Amino acid sequence: MPETDLHDLSDDLDYTVLQRQGSTSNLSVDSARTSDPSESEIVYSKENVAVHPSQYASERISGRLRIAKQGSLFLLTWTPYKAASSLSDSVVRNLNSSVSEKDRNLYTIKPVSLNDIHSIRRHVPALGWQYIIIVLSSGIAFPPLYFYNGGVRGFFATLKQHVFIVRSANDSNVFLLNDFEGPLQRSLSSLELPRVFSVANGTPVHDSPSEVSAIDDSVNVNRITSSGTFSASEYGGSLKNKANDPTHDISIQVLEKFSLVTKFAREATSQIFREFQDNHEKNDKNQKICSSWDVTEVSQPNEGGNDTQSKADDIVETSDAPKFDELSLVWGKQRQPPLTQEEWENFLDSEGRVTDSMAFRKRVFYGGVEQKLRKKVWKFLLGYYEFDSTYAERDYLESVRKTDYETVKSQWKNISEAQAKRFTKFRERRGLIDKDVVRTDRSVSYFEGDDNPNVAVLRDILLTYSFYNFDLGYCQGMSDFLSPILFVMRDESEAFWTFVALMERLGPNFNRDQSGMHSQLFALSKLVELLDHPLHNFLKQADCLNYFFCFRWILIQFKREFEYEKIMHLWEVLWTHYPSEHLQLYICVAILRSHRKKIMGENMDFDTLLKFINGLSYQIDLDAIIRDAEALCVCAGENGAACIPPGTPPSLPVDSDTGLYSHQDDEIL
């Protein structure tokens, strides 16, 4: 079937220019020797392959994709067009007119050996531009490369002539390069991962647990004695030495290891970041306050306002900063006791409707919820129940969803072992889930012990979800989200549907192309630049602007940073979407700001910073950080919201009918 480009983008600047250009930039594949002294041979060249740093057409960067043979190596490059090019000046001016030289250099893909590419995901939608995502052996993905004039098939045809390439058995849109050994065994061996998954297809690799170093230090779980909460014996369990516990949850280690990449891989990842246009008003009051915070410690005012440590001369202190007490107007409010049963009932009318959802969400934000109320309240916070639903409507919904859950569950329950032998995807997901659930929160009494039935329920829910959302399936880290939900719900069906509601928000965290994570890390970098410019400049010069040291925080919503009770409290605060649906990013900023003296004073590089950040687990004052995050959010105002691209998790999907993870079917190989 011939490839076609179907667009309805007549109002798009790039599209209009390309239509005027016509066929002047069609695919050109030649074997002519270039004049380069290195005597490289161009075996593939494609014009008008673009990177989209944002949703704005004016910020798209067009360039040239090439594969060159140099000796025995085949090198891939992507070079953005400059102000002058072999193309007509008018075309180039329109294509990259608003792109700075700095941004062009940021997104340039310097020569990469095809031997260093693990996989390539391709998208050939019925409507829109074709694009590919190149994933290196380190697990890092380059930004999507859009083929404005089509030609993805020709690109893969050229690759097939020069390297071994095969379609992934797990995902028909993923093509593996040089996959002579077991999936990822060779390409990720340098990361020393005991168990890994590919950002391209999720294939696991297993080593002996004895080779695994523990992620978390042994932690004493605080006993909870306040009304409405459980004691340590309920969710603290026996306190084990996690470093020597073979059942300790090590699945998250792979997620941390994405941070442990070489300088080259970090440079490649940093291409997803760019500078926003300076659209902040000079006289905006919030902007002035935020700027003054460049020299003010939010969560530790007793340490003094001025940070005299800097790594570079261009980390400039603000001279006209107001005194600390002048920031009281935006200081986070004091935390309150948890929401009680009496207060909860006062929010409901006679038929069970929540009369004031905003006041309800604010109350939960400032105090959380008593443990005995979480089963009811969480369902409202996550959208399992509508705020205007009645008691009768919710009872009916529960009965319907129990039936629906059993229907979905039966889809995998009825698969015989003979069928499973011919169902590779099912076997792989089942094996991955089986290994993850026995390592998830086993120090919590609800899940500890051999043959614990609650662990079996955890497994069944995750397997059922992998069939309910088959495109996404199961990814490591999901069990971390489900564990507290099952602990609270104590019902398989209700836990499942609550988990489904949560994944509608956080599912993009597990996108195979890492787009959900990249958008959050990018937004975090812009928020730090807005709220703490000296720290931003320090991280920039330390080559840390990809913020991969915060990867774990965002991926599983700080699950490894707080005790079990505290993480449930933090999650319900985040789920209120008050004062921002992206409060998790402001919490990241607040934590970084609270340790900026040490980070900057010790001139931490990436590896040192990563080790330091991971070492903060169970040492963060949750209430203080929430207060600081609220203050930062209020301070940032609309400027902060503008730093966060539309659709950044935990935003709900625009069209839930089409799902979060559409799948395209066509033939390339």
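The following dialogue explains how to read several features of this predicted model.

Q: Which conventions apply to the numbering and to the confidence of this model?
A: Residues are numbered from 1 along each chain as its sequence is written, and side-chain values use heavy atoms, with hydrogens and water left out. Because the model is predicted, local features need pLDDT of at least 70 and side-chain atom pairs count only at pLDDT 80 or more, while totals for chains, interfaces and linings use all residues.

Q: What is the pairing in the open sheet, and in which order do its strands lie?
A: Strands (E, at least two residues) and helices (H or I, at least four) are DSSP runs numbered from the N terminus. Two strands pair if DSSP finds at least two bridges between them. Here nine strands form an open sheet with antiparallel pairing, in the order β4-β3-β2-β1-β7-β6-β5-β9-β8. Its edge strands, each pairing on one side only, are β4 (109-113) and β8 (165-167).

Q: How many bridges join β1 to β2?
A: Strand β1 (residues 41-51) and strand β2 (residues 61-70) run antiparallel and are joined by eight bridges. Within β2, Ser-62 stands opposite Ala-50.

Q: Which residues touch the most other members of the largest nonpolar core?
A: In soluble globular proteins, nonpolar side chains tend to be buried together. A nonpolar core is a set of buried Ala, Val, Leu, Ile, Met, Phe, Trp, Tyr and Cys residues joined through side-chain atoms within 4.5 Å; buried means under 20% relative accessible area, exposed over 50%, and partly exposed in between (1.4 Å probe, protein chains only). The largest core has 122 residues, of which Phe-360, Met-478, Tyr-547, Phe-549 and Leu-592 touch the most other members. A second, separate core of 31 residues includes Tyr-44, Val-51, Tyr-107 and Val-152.

Q: With which residues is Tyr-547 in contact, leaving aside its neighbours within four places in sequence?
A: Contact means heavy atoms within 4.5 Å. On that basis, and with neighbours within four places left aside, Tyr-547 is in contact with Leu-521, Leu-524, Ser-525, Val-528, Leu-539 and Leu-592.

Q: How many salt bridges does a search of the whole structure find?
A: Side chains of opposite charge can pair when their charged atoms come close. A salt bridge is a side-chain nitrogen of Lys or Arg within 4 Å of a carboxyl oxygen of Asp or Glu. The search of the whole structure finds 24 salt bridges. One of them joins the side chains of Asp-480 and Arg-560 at 3.0 Å, N to O. Asp-480 lies in helix α16 (residues 478-489) and Arg-560 in the loop between α20 and α21, so this pair ties together parts that are 80 residues apart in sequence. Both Asp-480 and Arg-560 are buried.

Q: Where does Asp-532 lie, and which parts does its pair with Arg-593 tie together?
A: The side chains of Asp-532 and Arg-593 meet in a salt bridge of 2.6 Å, N to O. Asp-532 is in the loop between α18 (515-531) and α19, and Arg-593 is in helix α22, so the pair ties together parts that are 61 residues apart in sequence. The side chain of Asp-532 also meets that of Arg-596 in a salt bridge (2.7 Å, N to O). Arg-596 belongs to helix α23 (residues 596-601), 64 residues apart from Asp-532. Asp-532 is buried, with a relative accessible area of 0%, and Arg-596 is buried, also with a value of 0%.

Q: How many aromatic pairs are found, and how is such a pair read?
A: A pair of aromatic rings is described by the distance of the centres and the angle of the planes. Rings of Phe, Tyr and Trp (its six-membered ring) pair if their centres lie within 6.5 Å; planes under 30 degrees apart count as stacked, over 60 as edge-to-face and the rest as tilted. The whole structure holds 37 aromatic pairs. The ring centres of Phe-380 and Tyr-385 are 5.3 Å apart and the planes stand at 65 degrees, so the pair is edge-to-face. Phe-380 is buried at 3% relative accessible area, and Tyr-385 is buried at 10%.

Q: Which peptide bonds are cis, and where is a positive phi found?
A: Most residues other than glycine have a negative phi, and most peptide bonds are trans. A cis peptide bond joins Tyr-578 and Pro-579, with omega about -5 degrees; Pro-579 lies in the loop between α21 (564-575) and α22 (583-594). Another cis peptide bond joins Pro-649 and Pro-650, with omega about 10 degrees. Asp-441 has a positive phi, near 50 degrees, and is found in the loop between α14 (424-437) and α15 (453-468).
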